[in-house]
Amino acid sequence: MKIYTGRGDEGMTDLRDMSRISKTSPRIEAYGTVDEVNSLIGLTRPSGYDDVDERLGAIQNHLHIIQADFSNPDAEDEESPHIEARHVESLEEWMDEFDEELEPLQNFILPGGSDVGARLHHARAVCRRAERRAVALAADEPVNDAAVTYLNRLSDALFVFARVLNKREGVREESPSY
């Protein structure tokens, strides 16, 4: 399989159903931003912590499913991969597990910290953008609601993971001053 086809040279791309669409469409913006999140998470692995890496690997696979989900204009296509409520529940379970290691938040914190913690904070911020792009897409076209929910929950999970990694790395959280 060749990587280059030339089919996108004029600003169009193929969706899962082989229909052609502009590379600037909300659908492409949504799954392209999900790809950014996935790539940023890839920069974090290996984090140095097997439990975190295992979950991040699963999340990367989930994000790939969301990209496939969003690339299909038929949100009800049963042959297409879909994120489901069980994927969201996994994120919630992982956050609950990692939350046990953390002190309760008393204030907002500044993103940053250790290399791996800062990378996850960056991924979290891009995940919020991916969620906004997905919400914009859903306003005009049918999408899998569970995928939008997953992105919302994932930004929370990445925040928790970043805090855990910073704590394990011995980096103190900083609060903003007003």
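Q: Which helix does Gln 60 lie in?
A: Gln 60 lies in helix α2; bear in mind throughout that this is a predicted model.

Q: And is Gln 60 buried or exposed?
A: Gln 60 counts as buried, because its relative accessibility is 17% and the cut-off for buried is under 20%.

Q: What does Gln 60 touch, not counting residues up to four places away in sequence?
A: With those set aside, Gln 60 touches Asn 38, Ile 41, Gly 42 and Arg 45.

Q: Staying with α2, how does it pack with α5?
A: Helix α2 (residues 50–70) and helix α5 (residues 145–168) pack at an angle of about 160°, and their axes are 12 Å apart. The two helices are therefore roughly antiparallel to each other, and α2 passes α5 in a left-handed crossing.

Q: What is the make-up of that contact by class?
A: The contact of α2 with α5 has 13 nonpolar, one polar and four charged residues. On the α2 side the residues include Ile 59, Leu 63, Ile 66 and Phe 70, and among those they meet in α5 are Tyr 150, Leu 151, Leu 154 and Leu 158.

Q: How do α3 and α5 pack?
A: Helix α3 (residues 85–99) packs with α5 at an angle of about 20°, with axes 9 Å apart, and α3 and α5 are therefore roughly parallel to each other. This crossing of α3 and α5 is left-handed.

Q: Which residues meet there?
A: Among the α3 residues are Val 88, Leu 91, Trp 94, Met 95 and Phe 98, which meet α5 residues including Tyr 150, Leu 154, Ala 157, Val 160 and Phe 161. By class, the contact of α3 with α5 has 13 nonpolar, two polar and five charged residues.

Q: Now the core: which residues touch the most other members of the largest nonpolar core?
A: Of the 45 residues in that core, Ile 59, Leu 63, Ile 66, Phe 70, Tyr 150, Leu 151 and Leu 154 touch the most other members. Each of α1, α2, α3, α4 and α5 supplies at least two residues of this core, and the largest share, 13 residues, comes from α5.

Q: What about Phe 70, is it buried or exposed, and what does it touch?
A: Phe 70, in helix α2, counts as buried because its relative accessibility is 1%. Not counting residues up to four places away in sequence, Phe 70 touches Arg 27, Ala 30, Tyr 31, Val 34, Ala 134, Val 143, Ala 147 and Leu 151.

Q: Last topic: where does His 121 lie, and what is it in contact with?
A: His 121 lies in helix α4 (residues 115–140), and at 3% relative accessibility it counts as buried. Leaving aside its neighbours within four places in sequence, His 121 is in contact with Ile 109, Pro 111, Gly 112, Phe 159, Ala 162 and Asn 166.

Technical notes:
Residues are numbered from 1 along each chain as its sequence is written. This is a predicted model: local features need pLDDT of at least 70, side-chain atom pairs count only at pLDDT 80 or more; totals for chains, interfaces and linings use all residues. Side-chain values use heavy atoms; hydrogens and water are left out. Axes are lines fitted to C-alpha atoms, for helices over the stretch in contact, and angles run from 0 to 180 degrees between N-to-C directions. Helices (H or I, at least four residues) and strands (E, at least two) are DSSP runs, numbered from the N terminus. Angles under 35 degrees count as roughly parallel, over 145 as roughly antiparallel, 65 to 115 as roughly perpendicular and the rest as oblique. A crossing is left-handed if the near helix is turned anticlockwise from the far one by less than a right angle, and right-handed if clockwise. Contact means heavy atoms within 4.5 Å. Ala, Val, Leu, Ile, Met, Phe, Trp, Tyr, Cys and Pro count as nonpolar, Asp, Glu, Lys and Arg as charged, and the others, Gly among them, as polar. Buried means under 20% relative accessible area, exposed over 50%, partly exposed in between (1.4 Å probe, protein chains only). A nonpolar core is a set of buried Ala, Val, Leu, Ile, Met, Phe, Trp, Tyr and Cys residues joined through side-chain atoms within 4.5 Å.
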